[in-house]
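Subject: Structure handover

Hi,

Here is the structure I promised to pass on. Please open it next to this message; my notes come after it.

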Amino acid sequence: MMSTYYIKTCLDTPNDLDEWSTTGAPFYITATLNSLTRYSAYYCQNPVYVFSGDRVWLAVFASGANGYYQVYGLCRSVGEGVGLSVDETLAEIHGVRVGNLCVIAPSYDVVEYKAYYS
């Protein structure tokens with residue numbers, strides 16, 4: 001079984017970070033950056049050309065009881081993603097984080113987030 005979420009956010013300043021989570025114990029979680037638009041002003045105003053090197057920090061994570069925690073993240077361009085195998089016997093919450101940590105530019109992004117369940 002697979003659950004898919006489409007997540008929109010406006011990362012309106014450098015170092016801005018957003019996180020989403022949901023309950024469940026998947027055995028694999030993945031997130032893919034579907035699109036990215038650079039803006040020339042903070043608060044996502046005035047869209048401008050997206051440079052080929054534009055990236056955002058994309059991470060997936062899972063957490064649970066007894067201090068269980070796994071996370072994996074990388075700077076990713078459009079079309080790229082990250083994935084993480086999860087200990088489904090311990091995972092209670094899983095999610096994705098997106099951060100404007102890789103280029104110094106305000107940006108708006110859309111992330112596709114999938115959790116694969118056994």
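This is a predicted model: local features need pLDDT of at least 70, side-chain atom pairs count only at pLDDT 80 or more; totals for chains, interfaces and linings use all residues.

Sheet

Start with the open sheet. Four strands make it up, in the order β2-β8-β5-β6, with antiparallel pairing. β2 (17–23) and β6 (69–76) are the edge strands, and each of them pairs on one side only. From one strand to the next, the twist averages 15 degrees.

Look at β5 and β6 next. They run antiparallel and are joined by eight bridges. L58 has its bridge partner in β6, namely L74.

Core

L58 turns up again in the largest nonpolar core. That core has 20 residues, and those touching the most other members are L58, V60, V86, V96 and V111. Which elements give two or more residues to this core? They are β1 (2–11), β3 (28–41), β5 (56–64), β7 (81–85), β8 (91–99) and β9 (107–116).

V60 is worth a click. Beyond its neighbours within four places in sequence, V60 is in contact with I29, T30, A31, Q70, V71, Y72, V82, G83, L84, G95 and V96.

1. T30. This residue lies in strand β3. Is T30 buried or exposed? T30 counts as buried because its relative accessibility is 14%, and the cut-off for buried is under 20%. A polar atom of the T30 side chain lies 2.9 Å from the backbone oxygen of V82. Leaving out residues up to four places away in sequence, T30 touches V60, V82, G83, E112, Y113, K114 and Y116.

2. S63. Strand β5 holds this one. Its relative accessible area is 18%, so S63 is buried. Residues up to four places away in sequence aside, S63 touches Y68, Y69, L90, A91, E92 and I93.

3. I7. Here we are in strand β1. I7 has a relative accessible area of 7%, so I7 is buried too. Which residues is I7 in contact with, apart from its neighbours within four places in sequence? The list is W20, V96, D109, V110, V111 and Y113. For a distance check, take I7 and A25: they are 18 residues apart in sequence and 20 Å apart in space, C-alpha to C-alpha.

Over to you.

Best wishes

Note on methods: Residues are numbered from 1 along each chain as its sequence is written. Side-chain values use heavy atoms; hydrogens and water are left out. A nonpolar core is a set of buried Ala, Val, Leu, Ile, Met, Phe, Trp, Tyr and Cys residues joined through side-chain atoms within 4.5 Å. Buried means under 20% relative accessible area, exposed over 50%, partly exposed in between (1.4 Å probe, protein chains only). Contact means heavy atoms within 4.5 Å. A polar contact is a pair of N or O atoms within 3.5 Å; within protein, one must be able to donate a hydrogen and the other to accept it, and residues adjacent in sequence count only if both atoms are side-chain atoms. Two strands pair if DSSP finds at least two bridges between them. Axes are lines fitted to C-alpha atoms, for helices over the stretch in contact, and angles run from 0 to 180 degrees between N-to-C directions.
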